[in-house]
Amino acid sequence: MKFGSFKLRSLRMNKRLNNLIFVWLIMLLTTMMTIMPLPDFLYGIRIEWVAMAVIFFSIMNVSLMGVIAASITGLLLDLLQGGLLGEHALIFSVISYLSYRFRFQIRVYPDWQIMIVTLFLLSFGNLISLWIRGFSGRILFVAEEWISIFIAALIWPVFMRVLQALQNYFVED
């Protein structure tokens, strides 16, 4: 009898480990998509892939993506981009907290309302970035950043469905 319960517990552990590996691989992939070089005419329109992944995992997979994991991802992105250390960590942790705090309300919304919530969360992150840049003395309002937020909100339903499909394929039994 104990052997059967051990096997059941090890299956749960394997599922949790698979889920953890999946979350961090997606976070690594979105980080690479964020720092990937773009042509000059697309340079200003850089989609916030990591912030979108933080929102997705904070809403849909709450057990493995918390504020601390979002902060670690933000610090990694700060180190790779060479910006102010802690800027993305603060932004991602605030976005993660807000999406985690309201996850039950957000989950029941239709896709177009989740798209609007994503637009607000990404806009709030951009306002925090402007605030941090203002304190550091390098404030610069770039309209392309706001265009990229609107584009990210428009592609949110596709992004969410792709991540849900990948999660069901790789993680679920």
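## How α6 and α7 meet, and what surrounds them

On the α6 side of this contact sit Asp111, Ile114, Met115, Thr118, Leu119, Leu122, Ser123, Asn126, Leu127, Leu130 and Arg133, and they meet Glu145, Trp146, Ile149, Phe150, Ala152, Ala153, Leu154, Trp156, Pro157, Met160 and Arg161 of α7. Sorted by class, that contact has 15 nonpolar, three polar and four charged residues. The two helices pack at an angle of about 140 degrees, with 9 Å between their axes, and the crossing is right-handed. Keep in mind that this is a predicted model.

Now for the loop that joins these two helices. Phe141 lies there, between α6 and α7. Is Phe141 buried or exposed? With a relative accessibility of 58%, Phe141 counts as exposed, because the cut-off for that label is over 50%. Phe141 still has partners: leaving out residues up to four places away in sequence, Phe141 touches Leu130 and Trp146. Both of those residues also take part in the α6 and α7 contact. Leu130 is 11 residues from Phe141 along the chain, and their C-alpha atoms are 7.6 Å apart.

Stepping back, the protein chain is built from seven helices and zero strands. Of its 173 residues, 39% are buried. If you take the contacts with a separation of 6 or more, 68% of them link residues 24 or more positions apart.

Buried residues in α4 include Glu87, His88, Ala89, Ile91 and Phe92, along with Ser93, Ile95, Ser96 and Ser99. What covers them includes these helices:

| Helix | Residues |
|---|---|
| α2 | 49–60 |
| α3 | 67–81 |
| α5 | 103–107 |
| α6 | 111–136 |

Confidence is highest in α4, at 94, and lowest in helix α1 (residues 2–35), where the mean is 74. Which stretch stays under 50? That would be residues 5–10, and the model gives them zero contacts beyond four places in sequence. Where pLDDT is low, the predicted coordinates should not be read in detail.

Definitions and conventions. Residues are numbered from 1 along each chain as its sequence is written. This is a predicted model: local features need pLDDT of at least 70, side-chain atom pairs count only at pLDDT 80 or more; totals for chains, interfaces and linings use all residues. Side-chain values use heavy atoms; hydrogens and water are left out. Buried means under 20% relative accessible area, exposed over 50%, partly exposed in between (1.4 Å probe, protein chains only). Helices (H or I, at least four residues) and strands (E, at least two) are DSSP runs, numbered from the N terminus. Contact means heavy atoms within 4.5 Å. pLDDT is the predictor's confidence in each residue, from 0 to 100. Axes are lines fitted to C-alpha atoms, for helices over the stretch in contact, and angles run from 0 to 180 degrees between N-to-C directions. A crossing is left-handed if the near helix is turned anticlockwise from the far one by less than a right angle, and right-handed if clockwise. Ala, Val, Leu, Ile, Met, Phe, Trp, Tyr, Cys and Pro count as nonpolar, Asp, Glu, Lys and Arg as charged, and the others, Gly among them, as polar.
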